[in-house]
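Me: I have a structure open and a few things to ask about it. Can we go through them one at a time?

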Amino acid sequence: MQPFIRILGETTNRSPEVGDVVPWRLSTHVVTPEGLTRSLVRQVEIDDERGERVFAAPPLIIGPRPPDLERFDRQGQAMDCEYEPVLELDRLDRGSYMVRARLETDDGDVVAESCLPIRPEPPPRLQSRIRLAWAPSEDPFERLYTGGIVRAGDIDGDGRVEIVHAVGARHVCVYRLDGEVVWRYDDPDGAIIYNTAPFRVHDIDGDGCAEIFCCRGPFGDLKLAMLDGATGDVRRDIPFPLMAETEVAARPHLETLKQDPKSEQGWAGMWQTGYTVRFAFDPESGTRFGLYGAKIIVSDFRGRGLRDLLVQVGDQNCTSLVALDEHLDELWRHRVDDGYGGHTPAAADLDGDGRDEIAVGTRLLDHDGTLLWRKPFDQFAAPWEDDHIDQAHAGPFGPDGAPVIVYSCRVCVDPATGETRWIEPTWHGQEAHVARMLPGDAYQAVFSEREYRHSGHLCHGTWFDCRDAEGRPLWSYRHAALHMHRMLDWNGDGLYEASFGLDLQRRPVRPNLGIFDGEGQLTCVLPRYGFGADVDGDGFDELVSWTQWPDVADTIEIYGMDRAAMERGRAVPASLNPFSYNEPD
């Protein structure tokens, strides 16, 4: 595999104080999967939107080096990214630019090249830092899965947003934006659950105060609880849906894995039950196993507004769906047993009857759980894809704003028939989002795929691309990080931007989160991952950032646009996608 060169943004202030601006710079990343036996020369030029050269970096010698594959961690999930600085962004006037980088031999032959459009906005500012009231486990393996999940919502109806942090069934804590703890709950015996732990903050009864839905208790007695957001009091809890049945089905396969953690029969049995193989610890044998994954999705199954919940039990492939009302009483259930269930279904009113349908895997369910259609897997995926469909998303993406379903495997489907509108095969689709990113009425869709899967390692990373309603590519960015792809209205202009990690790593200790506008221009870089939410009510989305990996999970940080440097204010209200109510995990 030949060397390649990436262009990215890199933040330069890794330890900001609250109120500090966090500048960023352009850098390159030379990747040599099979090593480099001779020196190469890095060249970088920047042209403005008129095509005039405004900057040329001095040639940089890239010397011989060992294969990058040897620098992967033992899980094969990350490589230590070392970047070559190019230019501090404060040296460029505001405007659009094209950055071009290439690797050349001493004779001037081009070995690799890449380009990146940029339109630098004012750098972000750290608005708030919340010190977490949570100490992760000292067990090194368990620490991988106890960074927790963060949500935002107005839990007491005062018109101000609070931040809620949960770690499986062990810990929930509510914070004001200044870091004040409103209340906390701790259970040292509570279940440890991977990052798909069921957790949602939503005002389900319409009284202006958000409730908190989470799990409580140990495995074997796990509960789904609805908490009063303001006090943490349990309004109601129920045995976690299908937990007992799933545990019974999985028990013989767990016993097989206890005897032989590499047993193909044991792993296949776990896969078929949907009892997600993630994490557990058996004290007798000292063997660690995976256990359980579930999600909560806010829905409207009765035409009464967003007063229902969909609980997905099992994280992928074979899953079960349970619909609940606002009292946690069951409405219906449905089993996906064909092996293509995926991680995240979509809830949306796709037929205009005022009630939500559910797109999951290769099937569509009506608001009452009735199967409307199910299609063969090869209609949704390329021949080389033999796995599940990670994510479905619904949005006004069809002709004249008609609702359609898009899947992370880069396919668009007519919800009325299940027939494919268009497909662009992926190696393994990871995420899909629909939002209005460009001026006008049309919506765009962004996709990410694990392009590395066909090469067997992460040197290829993820391919992130944006398409119009006909499936035509608008722009793309290769060699991105895995996961944490989100949509947010960062600059308050009423159009969404896409954010995703720029580092070719799965768990970077020093992450760089890039924000791209609808034209694919890199506009800003932040020093942590997170999701967008207008937490202070100023009309601009902030980035609520944390990490699921406890080595650096001691704080929640909130970053916003440095609006003092903005020359324009908010133009129009945010273009929220009316078909999406749920921030993905």
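Predicted model: local features only at pLDDT ≥ 70, side-chain atom pairs only at ≥ 80, totals over all residues.

Me: Then is S545 buried or exposed?
Reply: S545 has a relative accessible area of 0%, so it counts as buried.

Me: Which strand does S545 lie in?
Reply: Strand β41, which covers residues 542-545.

Me: What lies 2.7 Å from a polar atom of the S545 side chain?
Reply: The backbone oxygen of E557. Setting aside residues up to four places away in sequence, S545 also touches others, including R528, Y529, G530 and Y559.

Me: Different topic. In what order do the strands of the open sheet with β28 run?
Reply: The order is β28-β29-β30-β31, four strands with antiparallel pairing. At the edges are β28 (392-395) and β31 (420-423), each pairing on one side only. Neighbouring strands in this sheet are turned against each other by 20 degrees on average, ignoring direction.

Me: How many bridges join β30 and β31?
Reply: Three, in the antiparallel sense, with β30 spanning residues 411-413. V413 has T420 in β31 as its bridge partner.

Me: Now the largest nonpolar core. Which residues touch the most other members?
Reply: L26, I118, M437, Y477, W490, F516 and L526, out of 58 residues in that core.

Me: And what is M437 in contact with?
Reply: Beyond its neighbours within four places in sequence, the contacts of M437 include V446, C466, W475, M487, L495 and F516. There is also a second, separate core of 20 residues, with L222, I238, L242 and V311 among them.

Technical notes. Residues numbered from 1 in each chain as written. Heavy atoms only, no water. Pairing = 2+ DSSP bridges. Helix = DSSP H or I, 4+ residues; strand = E, 2+ residues; numbered from the N terminus. Axes fitted to C-alpha atoms, helices over the stretch in contact; angles between N-to-C directions. Buried < 20%, exposed > 50% of the residue type's maximum accessible area, 1.4 Å probe, protein only. Polar contact = N/O pair within 3.5 Å; in protein donor to acceptor, adjacent residues only side chain to side chain. Contact = heavy atoms within 4.5 Å. Core = buried A, V, L, I, M, F, W, Y, C linked by side-chain atoms within 4.5 Å.
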